[in-house]
Amino acid sequence: MRIVFMGTPDFAANVLMELKEQHDVIAVYTRPDAVRGRGKALLASPVKKVALEAGIDVFEPKTLRGEEEVARLRNLAPDAICVAAYGMILPQEVLDIPRYGCLNVHASLLPKYRGAAPIERAILAGEREAGICIMRMEAGLDTGDYCISRSCEIGDMSSERLTDELADKGACALMSALYEIEQGQVRWTKQNDDDATYAPKIEKGELNLDPNATVFVNQRRVQASSSAHPSRCSLAGKTATLVRTSMVSSDDAEEVGIQDMQAGSVAFVRKRLFIGCADGALEVCMIKPDGKKEMDAASFASGVQDIKSGTKTWEQV
């Protein structure tokens with residue numbers, strides 16, 4: 001098929017890498033270069049990098065509502081427009097262009113978690129499963145019928161690892177959907193709006209840790225975090241990002257003597273670092289102090305004077 005692809009982050013780039021191997025991707029649309037991560041330099045999106053390496057034309061409009069952009073898409077004459085985490089609304093004029101419609105690789109098991117941050121919201125909610133759906137796009141926000149879904153257990157996967165897993169599943173599902181559509185064998189499933197939930201974007205600082213939150217809430221914040229949305233706190237007087245943490249069983253807590261930890265307290269026992277939450281202790285496994293490299297908890301604690309005294313605390317930033 002002649003495909004126009006629209007996407008921006010790593011999730012979409014992984015889908016594009018598979019798509020371009022099996023179809024004629026005639027153009028890629030992505031968000032304009034922006035400041036991403038640390039530093040002030042403008043950086044290309046992951047999707048743009050993949051497209052340029054493959055010699056595919058790249059367009060970066062600020063909107064798709066202008067007459068010129070709609071005309072350009074019409075002139076491209078795509079059989080389908082495939083979308084994955086593009087970050088821009090497609091107006092009805094665009095949705096009507098391709099003969100096979102516009103397909104969205106959405107990273108949730110629809111109708112749950114419609115919106116911008118389905119992976120993070122599924123982790124934060126403590127869902128057992130996450131997944132992807134290949135959805136036929138319409139004017140509503142992720143409300144269209146879907147034809148293929150794939151799922152996986154979240155377990156202890158980080159947001160970034162789960163994103164990669166779902167991108168792989170999404171790419172394979174998209175290939176299957178395009179084949180079924182072209183062969184006239186596709187079957188669409190209507191979403192039940194009564195079961196719908198919304199996944200708004202992650203706000204700045206939303207995943208920071210809170211001593212007055214439960215162990216479960218703080219653990220899920222770390223698990224849902226990423227370089228774009230880190231889980232930060234002030235630990236023993238040092239501002240840092242918690243990269244990986246682990247919930248502590250009651251037996252383990254009793255064995256190391258931290259079963260009565262108070263919210264905001266810090267304990268360094270048997271070369272293991274613990275922080276007290278509203279209902280128990282959370283173990284810090286990997287940490288990145290501001291201005292330093294990522295390190296294990298024991299290495300961090302070795303640089304904190306008197307951390308074994310039990311007088312050190314942690315707090316929100």
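Rings of Phe, Tyr and Trp (its six-membered ring) pair if their centres lie within 6.5 Å; planes under 30 degrees apart count as stacked, over 60 as edge-to-face and the rest as tilted. By this rule there is one aromatic pair. The model is predicted: local features need pLDDT of at least 70, side-chain atom pairs count only at pLDDT 80 or more, and totals for chains, interfaces and linings use all residues. Residues are numbered from 1 along each chain as its sequence is written, and side-chain values use heavy atoms, with hydrogens and water left out.

**Rings**
- The ring centres of Y29 and F59 are 5.3 Å apart and the planes lie at 45°, so the pair is tilted.
- Y29 belongs to strand β2 and F59 to strand β5 (residues 58-59), 30 residues apart, and the pair links distant parts of the chain. Helices (H or I, at least four residues) and strands (E, at least two) are DSSP runs, numbered from the N terminus.
- Both Y29 and F59 are buried. Buried means under 20% relative accessible area, exposed over 50%, and partly exposed in between (1.4 Å probe, protein chains only).
- The charged end of R136 sits over the ring of W188, 4.3 Å from the ring centre; the rule asks for NZ of Lys or CZ of Arg within 6 Å of the ring centre and within 35 degrees of the ring normal.

**Helix α3**
- E69, V70, L73 and L76 are buried in α3 (residues 67-76). Seen down the axis of α3, these buried residues fall within an arc of 120°, so they line one face of the helix. The arc is that of the directions from the helix axis to the C-beta atoms.
- On the other side of α3, the exposed residues are E67, E68 and N75.
- The cover over the buried residues of α3 includes β1 (2-7), β2 (24-29), β6 (80-84) and α4 (92-95), where contact means heavy atoms within 4.5 Å.
- A77 follows α3 and has a positive phi, near 50°.

**Strands β1 and β2**
- Five of the six residues of β1 are buried, so this strand is largely enclosed by the rest of the structure.
- β1 pairs with β2 in the parallel sense over five bridges; strands pair if DSSP finds at least two bridges between them.
- F5 has V28 in β2 as its bridge partner.

**Cysteines**
- Zero disulfides are found in the whole structure, a disulfide being a pair of cysteine sulfur atoms within 2.5 Å.
- For C172, the closest cysteine sulfur is that of C152, 13 Å away and too far for a bond. C172 is partly exposed, at 49% relative accessible area.
- For C285, the closest cysteine sulfur is that of C277, 13 Å away and too far for a bond. C285 counts as buried, at 17% relative accessibility.
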